[in-house]
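Here are some notes to read alongside the model, written as one colleague to another. Please keep the structure open as you go through the points.

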Amino acid sequence: MKLPRDGRRSQLLDTALEIVRERGADELTLGTLALRADVSRPIVYDHFSTRAGLLLALFQRLEDNYVKQLRQELSEMPGQPAAVADAIAAAYFGCLSNMGQEGPAIFAALQGSPDIALQQSRMLGEYVTIVALALQPFTPVSGDKLRLLCTGLLGAAEAIARELQAGKVTDTEARTVFVKLIVGSLRAA
């Protein structure tokens, strides 16, 4: 079936995520994707060029979903620090639980790729900007200092996420602690 380019790319990414979910990231190649999606290899190569390009596209999709969820959570929140902190935590840990094991598997498969560092840096910048704008009304700190605070909060969220993924804490515990860190940081600032 002939799909528009964007539709085909989306279908290929959906299929690639299924492969990672079922068989792991090591089993994902452009050839296995072509077979599973029932398309020719040139179609897959036209969209992604390399396996690393495919993995980066999957990683970008997961990150885009996270940003979308974060923006949605923040748009629906009341204007109080704890509510904003809870919206940030809900988006972060909600996205983490929605991505299952695919996210860490894709990220691990990309280790050593120079492109992943660039992608992570871009994502960090976007995350910090969104969170800083959401927290700005509740703190006298602004500009670079607020961005640094938000960068530290992201580092804390990543550490808590590792504990969550290892099964050492529950989602509720992770979210509660992250909210307390955000609110405490705002008070301390």
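1. A word on burial to begin with: a residue is called buried under 20% relative accessible area, exposed over 50%, and partly exposed in between, using a 1.4 Å probe and protein chains only. By that scale Glu-18 is partly exposed, at 31% relative accessible area.

2. Please bear in mind that this is a predicted model, where local features need pLDDT of at least 70 and side-chain atom pairs count only at pLDDT 80 or more, while totals for chains, interfaces and linings use all residues. Residues are numbered from 1 along each chain as its sequence is written, and side-chain values use heavy atoms, with hydrogens and water left out.

3. How confident is the predictor? The score pLDDT gives its confidence in each residue, from 0 to 100. The chain averages 88, and 96% of the residues score at least 70. Among the elements of the chain, H2 has the highest mean pLDDT (96) and helix H6 (residues 102-110) the lowest (75). Helices here are DSSP runs (H or I, at least four residues), numbered from the N terminus.

4. Now to helix H1. The buried residues of H1 are Arg-8, Leu-12, Leu-13, Thr-15, Ala-16, Leu-17, Ile-19 and Val-20. Their cover includes H2, helix H3 (41-48), H4 and H6. After H1 comes Gly-24, with a positive phi near 95 degrees.

5. How do H1 and H4 pack? Their axes are 10 Å apart and meet at an angle of about 95 degrees. Axes are lines fitted to C-alpha atoms, for helices over the stretch in contact, and angles run from 0 to 180 degrees between N-to-C directions. The two helices are therefore roughly perpendicular, a label used for angles of 65 to 115 degrees. H1 contributes Arg-9, Ser-10, Leu-13, Asp-14, Ala-16, Leu-17 and Val-20 to the contact, and H4 contributes Leu-54, Ala-57, Leu-58 and Arg-61. Contact means heavy atoms within 4.5 Å.

6. The whole structure holds 8 salt bridges, each a side-chain nitrogen of Lys or Arg within 4 Å of a carboxyl oxygen of Asp or Glu. One of them joins Asp-14 and Arg-61, with the closest N and O atoms 2.5 Å apart. Asp-14 sits in helix H1 (residues 5-23) and Arg-61 in helix H4 (residues 51-75), so this pair ties together parts 47 residues apart in sequence. Asp-14 is partly exposed at 38%, whereas Arg-61 counts as buried at 18%.

7. Glu-18 forms a salt bridge with Arg-36 (3.6 Å, N to O). The pair links distant parts of the chain, 18 residues apart, with Arg-36 in helix H2 (residues 30-37) and Glu-18 in helix H1. Arg-36 is partly exposed, at 35% relative accessibility. A network of salt bridges links Glu-18, Glu-22 and Arg-36.

8. Finally, have a look at Phe-138, in the loop between H7 and helix H8 (143-165). Phe-138 is partly exposed, with 21% relative accessible area. Leaving out residues up to four places away in sequence, Phe-138 touches Gly-79, Gln-80, Pro-81, Val-84 and Leu-186.

Conventions:
pLDDT = per-residue confidence, 0-100. Parallel < 35°, antiparallel > 145°, perpendicular 65-115°, else oblique.
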